[in-house]
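Subject: Structure handover

Hello,

Here is the structure I said I would pass on. My notes on what turned up in it follow below.

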Number of protein chains: 2
Amino acid sequence: MSLPHAILTALLEKPSSGLELTRRFDKSIGYFWSATHQQIYRELGKLEQAGHIRALPAPVPVRGQRKEYEVLPAGRAELGTWVARSEDPKPMRAALLLRMRAAAVVGATGLRAELSRHLALHQEQLDEYLAIESRDFPADRRHSEPDRLRHLVLRGGIEMERFWVEWLTGALAELGTE
Amino acid sequence: MSLPHAILTALLEKPSSGLELTRRFDKSIGYFWSATHQQIYRELGKLEQAGHIRALPAPVPVRGQRKEYEVLPAGRAELGTWVARSEDPKPMRAALLLRMRAAAVVGATGLRAELSRHLALHQEQLDEYLAIESRDFPADRRHSEPDRLRHLVLRGGIEMERFWVEWLTGALAELGTE
DNA sequence: TCTGGTTCTGCAACTAGTTGCAGAAGATTC
DNA sequence: GAATCTTCTGCAACTAGTTGCAGAACCAGA
């Protein structure tokens, strides 16, 4: 049950409408917790019902009208207890590793192309993260506690992509010698 | 739709019953594609219906009776085309990174303990992988193509765990200086 | 002004994964 | 030989996430 908390975090960083949230989930937060606009709208409804957020007063409340949400004290409290909650890491789900394992049984035809494709995608993502890092967290500045935490999160994304880039590079080299 | 293919792969490696599969999913395959026994039984039913696998003839076919499954040619063919299929990498889902991001907003109380706990878990998993590696893939032997692929998959698991161990270690150090 | 694109919200139906429970078969113990 | 424990299979109901579609508001340009 992480999505509501992802939304609370995003709304605390900045009150937003459903679509704005969707966009922000396409980057930033979405880098480690993705969601479709559908999930987000549904969850916003639930959160409002639960009294964790509220829609900022709009001139005319009509369907199809843009609505901005902000977090209420109850929502902030809920997020606080969730942060301290303990939760076991879920095993990763990597279809590509599964494919390779299957390839060991039925043959690796066509796998090379897919590996290169993924390599390019991860390389691209890595570059994007690195660009964000040098923009938002220059090495020559002291940062506040919240910023240090945010930087740690970004480092997580960076190292994760680096892992993929290196593994894929190695895998291609290994397959190349066949 | 990876689960059926994970099962086909497992069954090709060795025909098994539902419960045996469940156990093998608790390790090996499950390291990068986990599944509960429920999912597995349901999927076995579907795969049988689709003509991809069949139950080995049993003396008395009763409910509650153990059933062994083997892959049929149609199932092997299906797996072959799936291996060559192209599929975009899904963004990772890391609740821990989300927690840290939330902590940047509402405060990091209680997060340290959770980080240490995860560190221990990942370290343990890493050690397990390394043990498997030195047992199954000793450096001084040439390996067959399928074995080289399986080794690559295991390397993936190893490097992934190493990523977590390093990131968590760094994060704890960073939080320690607060 | 009406036509047609874009933005924003949302319903409905689906697929995938999880949890709780229960029944049959076989082994074990008293 | 009856109680009970473990193994194995499975149903049912749930939660989470995805896909397809559509309607209202807004904003062009002809």
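A salt bridge here is a side-chain nitrogen of Lys or Arg within 4 Å of a carboxyl oxygen of Asp or Glu. By that rule Glu13(B) and Arg101(A) form a salt bridge, with 2.9 Å between the closest N and O atoms. Please keep in mind that this is a predicted model.

The interface

Between chain B and chain A, about 6,400 Å² is buried, and carbon and sulfur atoms give 66% of that area. In terms of residues, 67 of chain B are in contact with 67 of chain A. The rule finds 8 salt bridges across this interface. It also finds 32 residue pairs in polar contact there, both residues being at pLDDT 80 or more.

On the chain B side, the helices that each supply at least two residues to the face touching chain A are helix 1 (3–13), helix 4 (73–84), helix 5 (95–106), helix 6 (111–136) and helix 7 (145–176). Helix 7 of chain B gives the most, with 18 residues. Sorted by class, the side of chain B that touches chain A has 36 nonpolar, 14 polar and 17 charged residues.

Salt bridges

Over all chains the count comes to 31 salt bridges. Three further pairs are described here.

Asp88(B) and Arg117(A) meet through their side chains at 2.8 Å, N to O. This pair crosses between chains: Asp88(B) is in the loop between helix 4 and helix 5 of chain B, and Arg117(A) is in helix 6 (residues 111–136) of chain A. Asp88(B) counts as partly exposed because its relative accessibility is 48%. Arg117(A), at 29%, also counts as partly exposed.

Glu174(B) and Arg148(A) form a salt bridge with an N to O distance of 2.5 Å. This pair too runs between chains, from helix 7 of chain B, where Glu174(B) lies, to helix 7 (residues 145–176) of chain A, which holds Arg148(A). Are the two partners buried or partly exposed? Glu174(B) has 29% relative accessibility and so counts as partly exposed. Arg148(A) has 15%, and so it counts as buried, the cut-off for buried being under 20%.

Glu159(B) and Arg162(B) make a salt bridge within chain B, at 3.5 Å from N to O. The two residues are separated by about one helical turn, because they are 3 residues apart in helix 7 of chain B. Glu159(B) is partly exposed at 26% relative accessibility, and Arg162(B) is partly exposed at 28%.

There is also a network: salt bridges that share partners join Glu13(A), Arg24(A), Asp147(A), Arg150(A) and Arg101(B).

The sheet in chain B

Chain B has an open sheet of 3 strands in the order 1-3-2, with antiparallel pairing. Strand 1 (16–17) and strand 2 (53–55) of chain B are the edge strands, each pairing on one side only. Strand 1 pairs with strand 3 (residues 68–71) of chain B in the antiparallel sense, over 2 bridges. Which residue of strand 3 of chain B stands opposite Ser17(B)? That residue is Glu68(B).

Regards

Technical notes:
Residues numbered from 1 in each chain as written. Chains lettered and ligands numbered in written order. Predicted model: local features only at pLDDT ≥ 70, side-chain atom pairs only at ≥ 80, totals over all residues. Heavy atoms only, no water. Contact = heavy atoms within 4.5 Å. Buried area = accessible area lost by both parts, 1.4 Å probe. Polar contact = N/O pair within 3.5 Å; in protein donor to acceptor, adjacent residues only side chain to side chain. Helix = DSSP H or I, 4+ residues; strand = E, 2+ residues; numbered from the N terminus. Nonpolar A, V, L, I, M, F, W, Y, C, P; charged D, E, K, R; others polar. Buried < 20%, exposed > 50% of the residue type's maximum accessible area, 1.4 Å probe, protein only. Pairing = 2+ DSSP bridges.
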